[in-house]
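This report is meant for a reader who is meeting the structure for the first time.

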Amino acid sequence: MSDIYILGCGAVGLLLAEKLSHHHSVTLITRTASKQAFFFIDGKQRRQLNVKMTTLEDLSGKIHTCIVPVKAYQLVSAMEALSPHLSHDANVILSHNGMSDLNHFNSILQPTQALYFLSTSMGGMKPDNNTVIFKGPGLTQLGACNAQAKNQITELYDRYFMQYFEPIELTNDIAEVRWQKLCVNIAINPLTALMQCPNGALQTPAYATQVLKLLNEACFVAQCEGVKLQLATELARAYKVMALTQHNTSSMAQDIKLKRRTEIDAICGYIATTAKKYGYQATENETLWQQVKIKEQA
Ligand code: PAF
């Protein structure tokens, strides 16, 4: 019997599977039944992931702990498919770029089931469906998203995360962490996707005004939503991530290159639509949202 399940075999899903599989029994839930192995590449080392595989249809028992690192736009269908397979006291850990409606996911779960969010900036790239290349460590943060999760987060953190992820943090304010990550994604992902450049290329003065305006709008909308962010702090955070991941290709740049749907609706699209709720036009985010959409559909 597996002690942790991962639904979603993208770069983050496979990185998490690799880390956890050294100490836990990990099962990857794939969309279709497959006997193909998964591989992890770190520098010159390539090894097979020590994981089991199943589809939701083939599951025999109930799931107690499941990480769901799927794209924001896949989350509703993933959670609806997963929920009948969860035990009454299950832990569900979401992890994705962009904003999603946590109230909706809480309404899918029972009050005895715990919902968490895991934010990570570990770098990973998938050169093919079954391989992840490790591109470097990054901060991982875990926070509770409902009352049940608040009661038992320390236990979950100690068991699965504390010793195996570095750097790692347990956060009391996951809403703030999600906004901070959203700001990083707004500053890096769409521009690298449009320019098809590595993250570090955005550090030049040519993009400085645009990045400033994008984050200024994001901080304003965050404040409307009750989350206080300082523009200078968010700018500093975004530039730090650009520097730390300067040789990496962002997930959105990879999506555009591989002609996949991007997460732009949950990133710049989220800012533009939420701004409208408050009678405000977030024009920089709106423009970038449309530009990425055009590129995505081309
Ligand atoms: O989406 C990504 O690629 C990552 O979240 C980040 C932090 C922008 C680094 O590339």
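## Annotated domains

UniProt positions are given here in the numbering used for this structure, and the annotations may be inferred rather than shown by experiment. With that caution, the UniProt annotation "domain: Ketopantoate reductase N-terminal", from an unreviewed entry, covers residues 4-145. The model itself is a predicted one, and in it the span of residues 4-145 is 18% helix and 41% strand, with its end C-alpha atoms 19 Å apart.

UniProt, again in an unreviewed entry, places the feature "domain: Ketopantoate reductase C-terminal" at residues 173-296. This span is 68% helix and 0% strand, and the C-alpha atoms at its ends lie 33 Å apart.

## Around the ligand

Which residues are around the ligand? They are Asn-97, Ser-121, Val-184, Asn-185, Ile-188, Asn-189, Asn-199, Val-241, Thr-245, Asn-248, Ser-250 and Ser-251. Sorted by class, this shell has 9 polar and 3 nonpolar residues, and no charged residues.

Helix H5, which runs over residues 174-195, gives the most to the shell around the ligand, with 4 residues.

## Helix H5 and its partners

Two packed helices are described by the angle between their axes and by the distance between those axes. H5 and helix H6 (residues 208-224) pack at an angle of about 155 degrees, and their axes are 9 Å apart. Since angles over 145 degrees count as roughly antiparallel, H5 is therefore roughly antiparallel to H6, and H5 passes H6 in a right-handed crossing. From H5, the contact is made by Trp-179, Leu-182, Cys-183, Ile-186 and Ala-187, while H6 brings Val-211, Leu-214, Leu-215, Ala-218 and Ala-222. By class, this contact of H5 with H6 has 10 nonpolar residues, with no polar and no charged ones.

H5 also packs with H10, and the axes of these two helices come within 10 Å and cross at roughly 40 degrees. That angle makes H5 oblique to H10, and the crossing of the two is left-handed. Here Ile-186, Pro-190, Ala-193 and Leu-194 in H5 meet Asn-285, Leu-288, Gln-291, Val-292 and Lys-295 in H10. The contact of H5 with H10 has 6 nonpolar, 2 polar and 1 charged residues.

## Helices H9 and H10

How are H9 and H10 packed, in terms of angle and axes? Helix H9 (residues 268-277) and helix H10 (residues 283-297) pack at an angle of about 135 degrees, with their axes 8 Å apart. H9 and H10 are therefore oblique to each other, and their crossing is left-handed.

In this pair, Cys-268, Gly-269, Ile-271 and Ala-272 of H9 meet Asn-285, Glu-286, Leu-288 and Trp-289 of H10. The residues of this contact divide into 5 nonpolar, 2 polar and 1 charged.

## Two backbone details

Most residues other than glycine have a negative phi, and most peptide bonds are trans. Against that background, a cis peptide bond joins Glu-166 and Pro-167, with omega about -5 degrees. Pro-167 has its place in the loop between helix H4 (147-161) and strand E12 (168-171).

Gln-196, a residue other than glycine, has a positive phi, near 50 degrees. The place of Gln-196 is in the loop between H5 and H6.

Methods. Residues numbered from 1 in each chain as written. Predicted model: local features only at pLDDT ≥ 70, side-chain atom pairs only at ≥ 80, totals over all residues. Near = placed C-beta within 6 Å. Nonpolar A, V, L, I, M, F, W, Y, C, P; charged D, E, K, R; others polar. Axes fitted to C-alpha atoms, helices over the stretch in contact; angles between N-to-C directions. Parallel < 35°, antiparallel > 145°, perpendicular 65-115°, else oblique. Left-handed = near helix turned anticlockwise from the far one by under 90°. Contact = placed C-beta atoms within 7 Å.
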